[in-house]
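Please have your viewer open and follow along.

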Amino acid sequence: MRASPADLVITGCTVLVHDEEERIGFRPDAAIVVRDRVIEAVTTAAEVRELPAVERIEAHGQVAMPGLINCHTHAPMTLLRGLAEDLPIEEWFNGVVWPVESNLTGDDVESGARLACAEMIRGGVTCFADHYFHMDKVAAVVAECGLRAHLGEAYFSSQGPEGRERSAEFALRHRGSADGRITTALAPHAPYTVTDADLAATAELARTHGLPVHLHAAENRDQTDASLARHGLTPIEVLDRTGLLDTDLLIAHGTGIIERDLPLLARTGGRTAVATAPRGYLRFAWPATTPVRALRAAGVPVGLATDGAASNNCLDVWESMTLTALIQKATESDPRWLTSRQALHHATLQSARAVGLGGSVGSIAPGRRADIILVDLTGPHTQPVHDLAATLVHSARASDVRTTVVDGRILMRDRHLLTLDLPAVVGELGRRLPALTDRGHGRRIQEYDT
């Protein structure tokens with residue numbers, strides 16, 4: 001290590017590390033050295049005792065982890081948290097959510113995105129994949145607050161060719177912005193709201209411009225059954241027919257993926273991944289969940305997600321990790337699957353791969369971007385620690401995150417947000433709520449008929 005001051009030194013912590021075979025391990029009494037937004041070294045606390053640093057964090061009793069990644073959400077939907085409760089999904093979509101969303105202005109979306117980013121920073125999320133409208137506003141919030149994000153402007157075929165063109169224009173204009181923290185994707189909504197012609201045109205745009213694609217597909221088994229009845233094809237087979245499986249593709253949910261889809265997903269021409277958000281599936285009483293074990297056997301990364309707060313009520317990736325582990329055990333009737341270490345792998349490296357960042361984030365190692373969180377395990381609910389991986393997955397909570405670092409910049413220290421004024425964000429949101437929840441106009445963005 002160089003003798004000149006490091007930008008940041010974190011010392012005295014236990015560091016979650018991956019070995020050469022990507023197995024999860026823990027390095028006690030360790031230190032992390034950050035320089036020029038990159039992790040320079042993971043070493044011992046003794047080694048850095050005399051090393052000068054611009055910022056220094058003493059992290060005894062804490063675990064340093066790669067920042068969590070929310071692989072599929074609609075950040076501005078924090079505006080709708082708790083608005084449509086205890087409803088079947090069709091009524092939830094068509095009767096409440098879409099009529100309200102037709103009210104939203106760009107300023108409303110910005111307000112919701114600020115609240116979402118504050119929640120995610122406080123919960124140890126350092127990167128999120130967002131799929132929504134007015135995404136220029138979301139990109140501006142990301143640039144300001146310091147998070148990393150993978151953003152796509154959603155579109156429907158009902159918007160005409162302008163929707164697809166706007167999605168492509170956004171992706172090309174914002175790719176690499178916010179000092180490189182923003183990556184972008186084309187964002188058709190789903191095979192049941194976007195025509196085959198538009199899906200094929202999106203695949204061509206993706207290949208021409210080197211852009212990934214982020215969409216909903218096979219969200220639940222009803223969608224798969226409806227697609228089979230109408231087209232004789234599953235939603236995944238529709239993606240294959242339209243060329244999207246030859247692009248770098250992030251599929252949201254996939255609880256309707258069935259056995260005949262797996263060979264297609266195993267031999268895609270691009271990087272295909274699935275994002276799972278189990279809390280929403282429980283809420284809507286879907287009979288199945290994302291087939292994580294089968295997808296993993298097919299070589300498809302499965303990242304963790306929350307979906308939007310209108311359906312999930314929170315943006316807590318810790319909860320998604322816990323629920324994924326528990327639901328997979330129940331679904332597979334096997335307590336040996338998903339183990340705590342496997343769950344941590346999905347929360348770190350697999351989530352990074354899902355959003356196309358597997359080469360730069362997802363692990364704490366020299367050369368990786370310095371996206372790091374510190375988790376305090378001194379509370380009574382995390383003691384004693386017999387198995388550190390199990391403590392992190394099944395005992396720790398989002399509120400145990402003490403410090404959040406993205407690209408070497410401290411966004412939260414000792415639970416204090418440094419880049420967002422939370423009281424101001426909440427106050428602004430309160431002023432907007434009466435207009436947001438007015439559904440008297442009766443307008444809808446899109447009628448869902450899956």
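The buried residues of helix H3 are Met135, Val138, Ala139, Val141, Val142 and Cys145, where buried means under 20% relative accessible area with a 1.4 Å probe, protein chains only. Seen down the axis of H3, these residues fall within an arc of 160°, so they line one face of the helix; the arc is that of the directions from the helix axis to the C-beta atoms. As background, an α-helix has 3.6 residues a turn, so residues three or four places apart point the same way.

A word on what you are looking at: this is a predicted model, in which local features need pLDDT of at least 70 and side-chain atom pairs count only at pLDDT 80 or more, while totals for chains, interfaces and linings use all residues. Residues are numbered from 1 along each chain as its sequence is written, and side-chain values use heavy atoms, with hydrogens and water left out. Helices (H or I, at least four residues) and strands (E, at least two) are DSSP runs, numbered from the N terminus.

**Around H3**

What covers the buried residues of H3? The cover includes helices H2 and H4 (161–174), along with strands S7 (125–132), S8 (148–155), S9 (182–184) and S17 (409–413). Just after H3, Gly146 takes a positive phi of about 95°.

Take H2 (residues 106–122) next: its axis and that of H3 (residues 135–145) come within 8 Å and cross at roughly 40°. That makes H2 oblique to H3. Axes here are lines fitted to C-alpha atoms, for helices over the stretch in contact, and angles run from 0 to 180 degrees between N-to-C directions. Angles under 35 degrees count as roughly parallel, over 145 as roughly antiparallel, 65 to 115 as roughly perpendicular and the rest as oblique.

On the H2 side, Gly106, Asp107, Val109, Glu110, Ala113, Arg114, Cys117 and Ile121 meet Lys137, Val138, Val141, Glu144 and Cys145 of H3, contact meaning heavy atoms within 4.5 Å. The residues of this contact of H2 with H3 divide into 7 nonpolar, 1 polar and 5 charged. Here Ala, Val, Leu, Ile, Met, Phe, Trp, Tyr, Cys and Pro count as nonpolar, Asp, Glu, Lys and Arg as charged, and the others, Gly among them, as polar.

H4 packs against H3 at an angle of about 20°, with their axes 11 Å apart. H3 and H4 are therefore roughly parallel to each other. Met135, Asp136 and Ala139 of H3 make the contact with Phe170, Arg173 and His174 of H4. By class, the contact of H3 with H4 has 3 nonpolar, 1 polar and 2 charged residues.

**Backbone details elsewhere**

Most residues other than glycine have a negative phi, and most peptide bonds are trans. The table gathers some departures.

| Site | Feature | Value |
|---|---|---|
| His253 | positive phi | about 85° |
| Ala285 | positive phi | near 60° |
| Trp337 to Leu338 | cis peptide bond | omega near 5° |
| Gln383 and Pro384 | cis peptide bond | omega about -10° |

His253 sits in strand S12 (residues 249–253) and is buried, with a relative accessible area of 2%. Ala285 belongs to the loop between helix H9 (278–283) and H10; at 62% relative accessibility, Ala285 counts as exposed, a term for values over 50%. Leu338 is in the loop between helix H12 (317–332) and helix H13 (340–354), and Pro384 in the loop between strand S15 (372–376) and helix H14 (388–394).
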